[in-house]
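Subject: Structure handover

Hello,

Here is the structure I said I would pass on. Please open it before reading the notes below.

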Amino acid sequence: QVQLVESGGGLVQAGGSLRLSCASSGRTFSRAAMGWFRQVTGKEREFVAAISRNGRSTRYTDSVRGRFTISRDNAKNTVYLQMNSLKPDDTAVYFCAMRSDFSVGDWSLYVSGVEYHYWGQGTQVTVSS
């Protein structure tokens, strides 16, 4: 069974930075496509960023492109989300997600939550103005 554990959330002032980490248990990480999503209470979960299993393809939602960077270290079974120039609108619970099955190609990216098989418990990011 795969477990995903996020860390790195917290309270930061607008314009500041945070780096989220998501550590995966199990042996499937290097074959998995990964994603970050966020959710504000009362709103739907929103796609933030995705990375292919080879780490060479990424995609971002428009509101974070140029400010956030997704990366992965397959040797450490960890995916990261570097968040710079944070804004109050970035305040949310951030979740990492994994898709791991035979259909995942080296360059595959997934932007819909229903395409992912495993989820972490989330980490709170609060950006004050």
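Predicted model: local features only at pLDDT ≥ 70, side-chain atom pairs only at ≥ 80, totals over all residues.

Residues are numbered from 1 along each chain as its sequence is written, and side-chain values use heavy atoms, with hydrogens and water left out.

Side chains of opposite charge can pair when their charged atoms come close. A salt bridge here is a side-chain nitrogen of Lys or Arg within 4 Å of a carboxyl oxygen of Asp or Glu. By this rule there are six salt bridges.

One of them joins Asp-106 to Arg-53, with 2.7 Å from N to O. This pair links distant parts of the chain, 53 residues apart: Asp-106 is in the loop between strands E9 (92–99) and E10 (118–119), and Arg-53 is in the loop between strands E5 (46–51) and E6 (58–60). Strands (E) are DSSP runs of at least two residues, numbered from the N terminus. Asp-106 is partly exposed at 40% relative accessible area, and Arg-53 is partly exposed at 22%. Buried means under 20%, exposed over 50%, and partly exposed in between (1.4 Å probe, protein chains only).

Glu-46 pairs with Arg-38, their closest N and O atoms 2.8 Å apart. Glu-46 is partly exposed at 31%, whereas Arg-38 is buried at 6%.

Asp-90 forms a salt bridge with Arg-67, also with 2.8 Å between the closest N and O atoms. Both Asp-90 and Arg-67 are buried. Salt bridges with shared partners join Arg-38, Glu-46, Arg-67 and Asp-90 into one network.

Regards

Technical notes
Helix = DSSP H or I, 4+ residues; strand = E, 2+ residues; numbered from the N terminus.
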